[in-house]
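Subject: Structure handover, helix packing

Hi,

Here is the structure I promised to pass on. My notes on its helices follow below.

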Amino acid sequence: MTTSQTRPAHHLHIKPSSYTSNTVVVTPHTPSSASLSTMRVETNDYYGPPTGVSDSFMFSVLCVFDFTSEEAGQLSFNKNEILEIIKCDNTGWWAAMRKEGSVVGWIPQAYVIRLPDDMVERLRNIREEFRVYEYEAEQLYNTAPVSRIAPLFDTDSATSSPLPEYEEYKANTPSTPHHNPREIAQPNARRDHNINPKAKDSPRCRPQPPPSPTSPMPHPPPTSEKRLKHTASSPNVDASRSQGASLSINRSIRRRPVMVEDNSTLTRLSTLIESKNTREIEKLASPDIAGSFEALSKRARENKPPKRKGSADARQIQTIIHIRPSYLQPQLTAQIDEDTKGHIRTATLPALIERLTTDMGPADLTKIAESSAFTNVFLMTFRTFMTADELFEALIKRYNMGPYKKLADNEYKDWKANLRVPTQHRILEIFSIWLEDHRLLEEEPHISQRLTNFLSTIRTPPHNTQADAIIKNIERLTFTVPNKLSTTATPKKPRKSKAHKNDLLKLDPADIAEQLALLEHALYAKVTPQECLAYAKTQTGEAVCKLQEFCSTHDKLGSWVKSSILNNEILGKRAGTVDFWIKVSEKCRLLNNFASMSAIIIALSSTAITGLHLTWAHVSRRSTLDALLRHNEPNGGFAGYRSLLQNVEGPCVPFITMYLTDIIHAQEHFANQDADGRIYFYQRARWYEITTNMLRFQNRTYSIAPGESTMNFIESHLREGVLRDQNWFWSKSQEVQHSELAHADIRKGLEAAGF
C-alpha cells in the first residue's frame, strides 16, 4: 500500500425514529466504495431507520386540498401529497403519516381521496403538482361511456393497425421516470433501506396515533367552478409536462385528440370559448366524446366499405354522442355548486328553477332517478326559501320562455322543437307532481284556481291533452271526500271487551294495545311534511298544531300509566298494574306501535315509579321491561329504534322524537348557510330525507276494528292525564313510599311476634 492510498472512512448513520429496530447500518463515507465496505452491525438500540413500517399501512390517500392546523395531534399537509393511513376513526378523522416520515397525526377525511393500490406508485413517479390532475384524468377515463362506432382500422390487415408503430416508438423512446422529490432529498435513507434485505420481513408494530381530536370536522373549501381537465395548455405547462416521459407515453395511447380535420368540432369549440360555456368546453375537449374521431372514422369508412355480418351477435349498436348547440344548453349552470357526486351544495334560485324545469330526455336510469330525487326535494322544501305564489309565477314565466339571444330562422326552429317544447312538457309534469304528491290543494288551495285558469288557455297541441288531464285531476281531488279509515285489509272482528266498570285490571292488555295503535296512527296520519319542516324553527303554534297533538299523546299516556299505579292503595294491585302495563307495552312492540311502547316504558322507568321498591319486589315481568328499555336508549341517535324500523313491513307508528331531534340538528348544523343570494340545498336534502323517513308509514293502516267501549275508556283517561303536573306525581310517589315503609315495619313486627 502506497502512502497516497488512504483507508476509506466509515460513517455511522443513526436516525432517531419512533419505531424499534434491531439493525444499525454502517456505510462508507466514500460513495464509490459502497458495494465493498457496507457492513451491518446487530444491536438492540432503540434508534434505527423505520424499516418495515409499510406493513402497518392500511391504504394510501391523495390530498386534494391544503390543510393547516395548529392543534396538537393533527397533521398539516399540502395539496398533491400522498399520505399513508394507519387508522380510520368513525368521526371522519384519519390517522396518517408520510411514507418516509415518522410523525403520525390526524387528518380530515373530506380533504383526501383514497387511492387504488395500482395508482399509488404511478402517482409517486409523477411530478407532485400534476398528481391531482392525473388522478382526475384517470377517473374521467375509467367512468367514460363506451362509444361503439365503426372500426377505425381494417382488423383483417396487419399493416393497418397502429400497434407496431407504437411498439417501435416505445422501443426508441428512452424512459426517464421522475423520482419523488422526497426520495431525492434523502438518498442515504433509500440506500440504507436497500442494504438491509431482512428489514421487510422483520415484525413491526402498528404506529400508535395520538388521541382522537375533539375539534369539529372541517369542511373543504367550496369550488364554484369545475377545473378544465382538458383544455389548450399554456407553453409553461407544456414545458413542464414534457419532463414527465412516462405520463406522456401512457397518455398518448389512451387519450383521443381532437382531429384538425373535424371542422364541425373546431367550430363548436370556438363558439363555446366565446360564450365562456365551461361545462360544454370540458365535455367537448374530453377524450370520451366520439365526435373528435368522427373525421378519422369517416375516412376509414370511405376507404373500405363496411362488411355485412350475418350473425346477430356480431352486430354493433352505434351510439353517437351529439354536442348540442349553445342555445339548447342550460344558461345558469355556473350558478350551481356541486360536489364530486353531482349533489347540489349551493345554488341561486333562478338556477334551481332552471334545473327543475330541464327535460332529461332519453337519459339513463341513473339520471332519471337523480332528477326525480331533486324534484321531490325541491317541491317539499321550497317553502323554506320562497312562497307558493312565487314558485307558481316562476313556472309560468319559464313556460312562456323565449330565446336568450337572437337566433337565425333554422336555429329558432331547432330551439323551439328541442328546448321550449320539452321544457313546457316538463313544467306541466311539475304541476302534476306538485298536485298529487306534495299536497298543493291542502297547503295552497288558492293556487288551484290560478292553475286551472292557466291550463284552460292551453288549447293547441302538443300540450293540450296533458293540460286537460291535470284539470280533471284537480276536479277529482277537490270533490273527493277522504276516507278516514282506509285500511289495506278487511278489519277483523272487534274483541269482546269485559265489563270493566272503570277497572283497568279487568281489561285485556291486548285490547288496550290494539286500540292505542288505532288512536296513535290516526293522529300520526294527520302530520304533514310542512309541519315537520316548520318544527326546525318553532315547536309551538298553528304551524305545528297536528304534530304537537300527536306528540302530546305520548305525554298523556305516560301520565295515565303513572297515575294508575300511584292511585292504588293496595300493594298487590300496584304490582299487578305494573305487570299489566308491561304486557301492554310488549303487545305494542308486536304491533309496531313504538310511540305507545315508548310512552309506557318511559313512565314505568321514571323516578316516581322506580322509587316504589316494595312494589317492584312483587312485579313478575321486570326482565321483559328491561329488554324493552334497551330499545329506548338514546345512544347512537336511538339506534335501537332505528334498527327496529328497518325490519318493519306492515303498519307502524314510529317513535318520532328521534326524527324531530335530527331536524333540529340539521337546522343548527347548517345555520346561516343561505347567503349572497344562494340557497344551501344540502340542508334541504337532509330535511327531505328525515321527513320522508318519519312519515313513510302514514299510508299503512291497521286492519283492526275500533272498539267503542275500550276507546272511550282510553280517551277519558288520557284527558285526565293533562290535569296532573310533575309535582303531583312526585308528592304522590313520596306518600306511597312512606306507606310502603310503614306496612313493611308492621309486617316485620307481626313476623317477630310469631304471626
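Start with helix α14 (residues 388-399) and helix α15 (residues 409-437). Their axes come within 9 Å and cross at roughly 155°. An angle over 145 degrees counts as roughly antiparallel, and α14 and α15 are therefore roughly antiparallel to each other. Their crossing is left-handed. On the α14 side, the contact uses Ala-388, Leu-391, Phe-392, Leu-395, Ile-396, Arg-398 and Tyr-399. On the α15 side, it uses Thr-423, Gln-424, Ile-427, Leu-428, Ile-430, Phe-431 and Trp-434. By class, that contact between α14 and α15 has eleven nonpolar residues, two polar and one charged. Keep in mind that this is a predicted model.

Next, helix α12 (residues 349-356) and helix α13 (residues 365-381). The axes are 10 Å apart, and the packing angle is about 130°. α12 and α13 are therefore oblique to each other. The crossing of α12 and α13 is left-handed. From α12, Leu-352, Ile-353, Arg-355 and Leu-356 take part, and they meet Phe-374, Thr-375 and Phe-378 of α13. Five residues of the α12 and α13 contact are nonpolar, one is polar and one is charged.

Last, helix α23 (residues 594-604). Ten of its eleven residues are buried, so α23 is largely enclosed by the rest of the structure. The buried residues are Phe-594, Ala-595, Ser-596, Met-597, Ser-598, Ala-599, Ile-600, Ile-601, Ala-603 and Leu-604.

Best wishes

How values were computed
Residues numbered from 1 in each chain as written. Predicted model: local features only at pLDDT ≥ 70, side-chain atom pairs only at ≥ 80, totals over all residues. Heavy atoms only, no water. Buried < 20%, exposed > 50% of the residue type's maximum accessible area, 1.4 Å probe, protein only. Helix = DSSP H or I, 4+ residues; strand = E, 2+ residues; numbered from the N terminus. Axes fitted to C-alpha atoms, helices over the stretch in contact; angles between N-to-C directions. Parallel < 35°, antiparallel > 145°, perpendicular 65-115°, else oblique. Left-handed = near helix turned anticlockwise from the far one by under 90°. Contact = heavy atoms within 4.5 Å. Nonpolar A, V, L, I, M, F, W, Y, C, P; charged D, E, K, R; others polar.
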